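Dear colleague,

Here is the structure I said I would pass on. Please look through it before reading my notes below.

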Amino acid sequence: MLKVVYDTNVVVSAVLKSESVPSSLLALALQDQVKLCLSPAIFDEYREVLNRPKFGLQSSAVEHLLREMRAHALLVRPTEPIANPLDEKDSLFLECAVATGAQYLVTGNIKHFPASPFRQTKIVTPSAFAVYFFAS
């Protein structure tokens with residue numbers, strides 16, 4: 001099974017736009033068609049961002065989604081710090097990808113990451129991952 005790391009922007013887009021490509025990618029993880037890789041830092045970021053007032057999401061709905069994601073995810077505590085010179089706050093996604101051996105890191109902000117691939121992980125947009133996954 002493919003292992004993937006979803007940047008927070010992918011999860012937020014999935015929640016806010018139910019008929020979007022990111023929404024279909026989140027569904028893949030929740031239906032165990034891909035293995036979503038999470039670390040405590042990523043999980044905390046998902047929670048913090050989804051609970052921002054500007055999104056207008058109910059905290060109970062956010063917590064339900066996070067429980068579902070955790071139930072289907074591969075949880076890891078990365079041990080190798082990775083500095084991302086392009087956007088330091090996104091290092092947590094690279095660290096998780098390396099720790100789990102994820103084949104893909106899916107992000108709407110390609111410019112925030114090093115050139116793809118980064119070690120064994122291809123860094124792609126949601127649309128590019130969807131084309132790859134659904135064409136396979």
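What follows covers the overall fold and then the salt bridges.

This is a predicted model, in which local features need pLDDT of at least 70 and side-chain atom pairs count only at pLDDT 80 or more, while totals for chains, interfaces and linings use all residues. Residues are numbered from 1 along each chain as its sequence is written, and side-chain values use heavy atoms, with hydrogens and water left out.

The protein has six helices and five strands (DSSP runs, H or I of at least four residues for helices and E of at least two for strands, numbered from the N terminus). Their order from the N terminus is β-α-α-β-α-α-β-α-β-β-α. Of the 136 residues, 45% are buried (under 20% relative accessible area; exposed is over 50% and partly exposed in between, with a 1.4 Å probe and protein chains only).

There are three salt bridges (a side-chain nitrogen of Lys or Arg within 4 Å of a carboxyl oxygen of Asp or Glu):

- R47 and E63 pair at 2.9 Å, N to O. R47 is in helix α3 (residues 40-50) and E63 in helix α4 (residues 59-72), so the bridge ties together parts 16 residues apart in sequence.
- E48 and R52 pair at 3.0 Å, N to O. E48 is partly exposed at 43% relative accessibility, and R52 is partly exposed at 33%.
- E80 and R119 have their closest N and O atoms 2.7 Å apart. E80 lies in the loop between β3 (74-75) and α5 (91-100) and R119 in the loop between β4 (104-106) and β5 (122-124), so this pair ties together parts 39 residues apart in sequence.

Regards
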